[in-house]
Amino acid sequence: MAAKHTRLELTWIGKDERPRLEPRILLEDQDLSYHSKARVARGDIYDNILIQGDNLLALKALEREYTGRIKCIYIDPPYNTGSAFEHYDDGVEHSLWLSLMRCRLEILWSLLREDGSIWISIDDYEMPYLRVMLDEICGRSSFVASNVWQKRYSRENREAIGDVHEYIIVYAKNPMLFKASRNKVPQTPKQLEVYKNPNNDPRGRWRPIPMTAQAGHATAAQFYEITSPSGKKFIPPEGRCWGMAESTFERLRTEGRIYFGKRGDSQPNVIRYLSEVEGYAPWTWWPSDEVGHTDQAKKEIHALFGRQQAFDTPKPESLMKRILDIATNPGDLVLDSFAGTGTTGAVAHKMHRQWIMVELGDHCRTHICTRLRKVIDAIDSGGVTNDCNWKGGGGFRYYRLAPSLLDKDKWGNWVVSKQYKPEMLAEAMCKLEGFRYAPDPEVFWIHGQSTETDLIYVTTQNLSHEQLQFISNQVGDERTLLICCSAFRAKPDAFANLTIKKIPQAVLHRCEWGRDDYSLIVKALPGSEPEADQAEEGSSEDIPAADSTTDAVTPSPARRRGRPRRQSSTMQELPLFANFDQAGDA
Ligand SMILES: C[S@@+](CC[C@H](N)C(=O)[O-])C[C@H]1O[C@@H](n2cnc3c(N)ncnc32)[C@H](O)[C@@H]1O
């Protein structure tokens with residue numbers, strides 16, 4: 001009998017499989033970190049983080065320190081369109097895409113602050129599935145909006161119905177709190193152009209606002225006759241009323257805030273001064289003339305890197321500014337784990353927000369690093385630089401993920417990797433055991449703490465009973481210590497204030513070791529038959545080499561163009577997370 005479904009859910013092949021992630025430590029590459037030579041403003045932020053590596057491992061690495069701390073997450077993942085772009089391969093099949101996104105989104109969601117929100121760019125192909133999956137991860141009541149971004153302004157004539165939009169889906173940890181704390185959208189310079197000052201009004205630029213409203217809910221006080229300075233009489237047109245009671249109108253007239261046109265004989269308008277404009281409540285329609293379009297984004301990238309170093313799918317800076325304007329304030333922490341060319345970080349930096357970005361590709365170094373250096377040195381005059389009145393300053397640190405803590409030796413046993421220096425081992429063990437790495441310069445056996453009185457000591461030594469006794473005496477009755485060592489010669493429960501574990505045995509089954517690639521880059525899918533016409537359009541040189549678990553298959557032209565595509569017939573056999581059980585084998 002078929003299993004009973006007890007809830008509404010999206011299922012897909014491999015949904016029940018989950019990677020058991022190793023919480024890696026991060027290693028700074030000081031040659032690529034960058035800080036401005038001098039402080040430019042009081043709000044300069046130096047603690048920004050750029051991580052090159054797979055974002056699933058990177059998010060796992062950030063999890064302990066940043067859970068509940070991020071104000072705004074923006075991601076622009078590969079859309080699973082099937083096109084092979086120059087800098088990354090977007091051709092991941094449907095179920096696989098959902099699985100890979102799900103584990104990333106779960107960690108991302110946990111990183112958000114109570115008043116935080118996550119914003120996700122996506123197109124029509126995966127949007128409905130992503131929405132349902134997000135409902136499951138975040139809770140349906142956390143959904144805020146599905147914004148429609150007009151990504152192009154010219155007609156797309158090649159399709160049956162031209163595709164001109166994408167979505168930016170928003171979920172908030174606590175939608176009520178988000179609503180109360182989100183910002184209004186500032187008027188764009190173009191919208192502000194309608195404010196003029198033809199009469200040199202000392203109160204500054206202004207615009208006339210029509211004074212009538214729909215008569216539906218009007219009170220009697222909203223129907224009256226108005227006489228203009230020229231003596232012309234006005235009453236509201238049929239079905240309309242004045243937008244205010246007569247007493248309010250008279251007060252505004254005395255204050256010089258009613259405008260009857262140049263000759264004083266037109267319909268009355270209320271004067272609104274630019275200085276009173278607050279911005280407007282965001283809505284879900286984001287037209288390209290307000291937030292930019294893909295063409296503008298490409299031009300911004302060309303201006304930064306030249307045409308040779310272009311990138312296929314950047315977002316315009318003004319689009320990012322719109323998101324950060326709504327969702328953040330200066331000093332807030334912003335995260336983008338599919339950073340691309342670093343638009344999110346560049347805009348966050350110019351807006352005095354703190355940022356964390358993760359990017360897998362080498363463009364992390366060639367593009368993001370270069371771009372952020374230009375922002376810091378104030379030699380990037382493009383994008384939103386002028387809107388933000390950006391003058392440079394601040395900095396960032398460049399990190400890579402440490403290699404896996406455990407390596408297999410020549411007999412196939414898991415051992416601590418030779419690449420781990422003692423301080424790296426201590427930091428890694430702190431992460432694995434849930435301690436904050438904070439070595440005490442005075443006390444050799446304190447490497448970190450989980451609470452003020454619960455400490456950790458990590459060593460590769462073989463500790464004798466005497467050494468343990470000495471440490472136990474120092475720890476005393478008020479504190480407890482976890483000791484992680486290679487071996488020890490004493491009864492494990494001989495000291496009430498010590499817990500002693502052996503490395504690596506104590507952590508062998510915690511997670512999967514030695515796995516570096518959880519990327520969305522799937523070079524080829526097993527079992528997909530090359531299509532007859534592929535040889536013409538898709539030369540195998542376009543496609544990265546197959547990894548050891550898959551056979552290389554050149555994507556069909558249909559797949560390279562995106563849609564429509566055929567379903568892979570062998571998805572059931574696809575190992576979504578290769579080596580999933582390897583920790584158990586050891
Ligand atoms: C659409 S682009 C983002 C563009 C970005 N919004 C911008 O304005 O430049 C998606 C990026 O995600 C990166 N990416 C894909 N899989 C990743 C992974 N597993 N870890 C980190 N980055 C990844 C790709 O290399 C690519 O640069």
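## Overall make-up

The chain contains 16 helices and 27 strands. The model is predicted. Of the 586 residues in the chain, 38% are buried. Among contacts between residues at least 6 apart in sequence, 70% join residues at least 24 apart.

## Surroundings of the ligand

The ligand is surrounded by 19 residues. The closest are Asn-55, Phe-338, Gly-340, Thr-343 and Leu-360. Sorted by class, this shell holds seven nonpolar, eight polar and four charged residues.

## The five-stranded sheet

Strands of a sheet pair through backbone hydrogen bonds, in either a parallel or an antiparallel sense.

E25, which covers residues 480-485, pairs with E27 in the parallel sense over five bridges. Here Leu-481 stands opposite Leu-498 in E27.

## Strand E6 and its partners

Strand E6 (residues 143-150) pairs with strand E7 (residues 165-172) in the antiparallel sense, over seven bridges. Gln-150 has His-165 in E7 as its bridge partner.

E6 also pairs with strand E15 (residues 285-286), this time in the parallel sense and over two bridges. In that pairing, Val-148 stands opposite Trp-285 in E15.

## Helix H11

Helix H11 spans residues 363-376, 14 residues in total. From its first C-alpha to its last it reaches 18 Å, close to the 20 Å expected at 1.5 Å a residue. The buried residues in H11 are His-363, Cys-364, His-367, Ile-368, Cys-369, Arg-371, Leu-372, Val-375 and Ile-376.

These buried residues pack against both helices and strands. The helices are H8 (294-305) and H10 (343-350), and the strands are E2 (34-35), E3 (48-52), E17 (354-359) and E18 (395-401). After H11 comes Ala-378, whose phi is positive, near 55°.

## Backbone exceptions

Most residues other than glycine have a negative phi, and most peptide bonds are trans. Asn-200 is not a glycine, yet its phi is positive, at about 50°. Asn-200 lies in the loop between helix H5 (189-192) and strand E8 (206-210). Asn-200 counts as exposed because it has 6 C-beta neighbours inside 10 Å, and the cut-off for exposed is 12 or fewer.

Asn-389, also not a glycine, has a positive phi of about 55°. Its place is in the loop between H11 and E18. With 8 other C-beta atoms within 10 Å, Asn-389 is exposed.

A cis peptide bond runs from Ile-503 to Pro-504, with omega near 5°. Pro-504 is placed in the loop between E27 and helix H14 (534-537).

Key
Residues are numbered from 1 along each chain as its sequence is written. This is a predicted model: local features need pLDDT of at least 70, side-chain atom pairs count only at pLDDT 80 or more; totals for chains, interfaces and linings use all residues. A residue is near a molecule or strand if its C-beta atom, placed from the backbone, lies within 6 Å of it. Ala, Val, Leu, Ile, Met, Phe, Trp, Tyr, Cys and Pro count as nonpolar, Asp, Glu, Lys and Arg as charged, and the others, Gly among them, as polar. Helices (H or I, at least four residues) and strands (E, at least two) are DSSP runs, numbered from the N terminus. A residue is buried if 20 or more other C-beta atoms lie within 10 Å of its own, exposed if 12 or fewer, and partly exposed in between; C-beta atoms are placed from the backbone. Two residues are in contact if their C-beta atoms, placed from the backbone, lie within 7 Å. Two strands pair if DSSP finds at least two bridges between them. The expected span of a helix is 1.5 Å times one less than its number of residues.
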